[in-house]
Amino acid sequence: EPADLEISRPSQAILSARMLLAQPARASAPKAACDVCCKLLLALLLPPCVIVVSLFIPGVERQYIRSVETYAVSVPVAKHLLYVIGQVPHAFEYGVVFVAPLWNPLLVHAVDGHQGPGLLLGPNPFKGANSYMLFRVSHESVKKVHYDPKLQRSPDMFVTANASRTPKGYFAPGVLPLLLQQSTDDPAHRAHRDLVVASMPALLEHPPSVPAFRPVPGIAASDLINEVKWHLAFPFPKIVPDTIQDVFAFTFFRHAFGVDLSLSEIRQLKEWTSVNSKILLGFGSFSGGKRSAQLAHIFEDKIGRSEFGTNFLEEAHMRRIDGPGHLRKLIFQFVFAGFGGDGPGGGLALTKALKFIQSSPDEYVPLFKRDPLAFILEVIRMKGGGGSGMNPVVVPETKTYTLKTGAEVTEDAGDFAGTIALHANHDPAVFGGPSADVDYTTAFVPGRENADRLLTFVAEIRDIRKCPNMTGCGAAPRFCLGAFLLPRLLVEVARFYVQGLEGTAPFEPAPPKAAARREEM
């Protein structure tokens with residue numbers, strides 16, 4: 001046994017040595033797997049990075065867009081992915097919404113999309129990533145849809161959400177159907193518009209009286225300027241910065257409804273738009289619906305007790321229609337389409353106008369002061385207003401189109417389609433001057449010829465002016481109720497902003513906390 005022990009010691013030593021030698025081999029296995037993963041990740045990321053970098057080379061982006069639209073059409077998912085990659089260089093220009101095919105005019109110019117049928121293939125949010133929706137993008141094709149006296153809208157769709165399947169609370173009694181859900185020839189559509197127009201003189205191009213501009217108590221022009229500068233440098237994560245939302249909401253409610261919102265009410269207004277925006281992403285809930293109803297009641301009560309609300313309800317009573325229901329509908333539409341919160345709406349239009357001025361104050365401040373309205377209309381034409389167009393609309397007939405890229409696309413009756421007003425506003429046939437020059441359409445020219453033909457407000461301003469009132473007429477059967485109100489608001493706030501740049505802006509201090517609490521009670 002002693003001999004066995006002596007022999008066993010060397011054997012144990014040899015075994016221990018072998019184990020030690022084996023350890024580096026075992027330890028290298030995770031490292032090898034990590035190397036493989038890193039190489040695979042690099043292989044996946046390198047091509048998109050090369051594409052993105054090359055798109056900064058003049059002329060490459062145009063060719064890239066044309067190639068994607070020509071050769072990737074047969075695989076929708078691939079086309080959508082390549083499109084998003086191609087828009088990455090514009091992320092700091094357009095912010096969070098850079099992935100939407102709505103803001104870059106080159107998407108249409110690169111494929112001569114304003115010619116022929118005037119259509120652009122885009123993602124279809126209603127059928128999934130492996131499908132397309134046809135967007136009207138030329139001035140002619142967009143106008144044909146907008147001016148159709150029998151234009152059909154889906155009574156169920158609230159932008160991308162099916163309102164009929166939304167949990168209770170998001171839409172109060174009387175809110176549905178909204179104007180954007182009603183077909184143009186629907187008598188209820190005209191009845192609601194006519195009631196609103198009769199009760200709200202602020203919608204007129206030249207209203208009998210306009211409220212004097214008042215700064216938001218506690219918000220200085222310098223606060224607005226600092227936030228615009230920051231968002232110009234880093235436009236994330238907000239689409240519309242908070243201070244811009246505050247200033248626009250305050251000014252909007254003051255003009256439209258004749259009421260001044262407290263800072264607390266402005267916060268509640270922003271919360272309401274945030275809560276309801278979740279249903280557009282499919283995240284509606286019963287708790288969200290309950291909170292939405294609570295917030296809606298705050299503004300229904302405030303506006304209902306105002307002079308405007310009293311007149312509105314009296315007008316509805318004279319017409320023997322549901323006054324409270326129509327008031328709820330009006331407030332909902334003005335909050336989510338007129339104001340918009342951190343999304344499409346008047347606040348987004350204001351963001352674009354102020355960022356444009358701030359991008360080169362020495363150049364743009366004098367231009368703004370020379371003709372404020374012409375300046376604002378040109379910014380809207382170039383950068384877009386609050387929304388993209390009319391989306392969705394119902395296709396009236398089955399038809400096959402041949403796009404300028406050679407692709408053939410069939411649109412079936414009952415499908416959804418859309419319009420993109422910003423692309424129509426860059427159509428060389430209307431905005432390219434005598435020679436229909438593409439470069440001239442992308443130039444900033446306040447007061448340009450045909451400035452009143454932009455389609456941001458659904459109908460051309462020159463045609464809206466032909467109607468006896470804002471209800472609509474044969475010359476402009478359907479248009480945005482804020483066609484004159486929104487530019488007037490943007491001019492007022494932009495003037496305040498310019499005064500801030502010059503150090504002459506008025507300032508109103510916030511009320512003491514005790515007074516603020518009494519105001520909110």
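Visitor: Which residues does W272 touch, not counting residues up to four places away in sequence?

Guide: In this predicted model, W272 is buried, with a relative accessible area of 2%. Leaving aside residues up to four places away in sequence, the residues that W272 touches are S292, L295, A296, F299, I331, F332, V335 and F336.

Visitor: Which residues touch the most other members of the largest nonpolar core?

Guide: The largest nonpolar core has 106 residues. Helix α21 gives the most to this core, with 10 residues. Apart from it lies another core of 12 residues, including Y94 and W103. In the largest core, the residues touching the most other members are F253, F257 and W272.

Visitor: Are the rings of W272 and F332 stacked or edge-to-face?

Guide: The count of aromatic pairs comes to 28. For W272 and F332, the ring centres are 6.2 Å apart and the planes stand at 80°. Planes over 60 degrees apart count as edge-to-face, so the pair of W272 and F332 is edge-to-face.

Visitor: How many residues apart in sequence are the parts that the pair of W272 and F332 ties together?

Guide: W272 lies in helix α10 (residues 263-280), whereas F332 lies in helix α13 (residues 323-339). F332 is buried, with a relative accessible area of 2%. The pair therefore ties together parts whose separation in sequence is 60 residues.

Visitor: Is F444, the partner of F356 in an aromatic pair, buried or exposed?

Guide: F356 and F444 form a tilted pair, 4.5 Å centre to centre with 50° between the planes. F356 lies in helix α14 (residues 346-359) and F444 in the loop between α19 (438-441) and α20 (461-464). Buried means under 20% relative accessible area. F444 has 18% relative accessibility, and therefore counts as buried.

Visitor: How are α8 and α21 oriented to each other?

Guide: Helix α8 (residues 221-233) and helix α21 (residues 485-502) have their axes 9 Å apart. Among the residues that meet are L224 and I225 in α8, and F496 and Y497 in α21. By class, this contact has 8 nonpolar, 1 polar and no charged residues. The helices pack at an angle of about 95°, and angles of 65 to 115 degrees count as roughly perpendicular, so α8 and α21 are roughly perpendicular.

Visitor: What is the relative accessible area of Q245?

Guide: Q245 is found in helix α9 (residues 242-256). Among the residues that Q245 touches are K238, K270 and D342. Q245 is buried, and its relative accessible area is 1%.

Key: Residues are numbered from 1 along each chain as its sequence is written. This is a predicted model: local features need pLDDT of at least 70, side-chain atom pairs count only at pLDDT 80 or more; totals for chains, interfaces and linings use all residues. Side-chain values use heavy atoms; hydrogens and water are left out. Axes are lines fitted to C-alpha atoms, for helices over the stretch in contact, and angles run from 0 to 180 degrees between N-to-C directions. Helices (H or I, at least four residues) and strands (E, at least two) are DSSP runs, numbered from the N terminus. Angles under 35 degrees count as roughly parallel, over 145 as roughly antiparallel, 65 to 115 as roughly perpendicular and the rest as oblique. Contact means heavy atoms within 4.5 Å. Ala, Val, Leu, Ile, Met, Phe, Trp, Tyr, Cys and Pro count as nonpolar, Asp, Glu, Lys and Arg as charged, and the others, Gly among them, as polar. A nonpolar core is a set of buried Ala, Val, Leu, Ile, Met, Phe, Trp, Tyr and Cys residues joined through side-chain atoms within 4.5 Å. Buried means under 20% relative accessible area, exposed over 50%, partly exposed in between (1.4 Å probe, protein chains only). Rings of Phe, Tyr and Trp (its six-membered ring) pair if their centres lie within 6.5 Å; planes under 30 degrees apart count as stacked, over 60 as edge-to-face and the rest as tilted.
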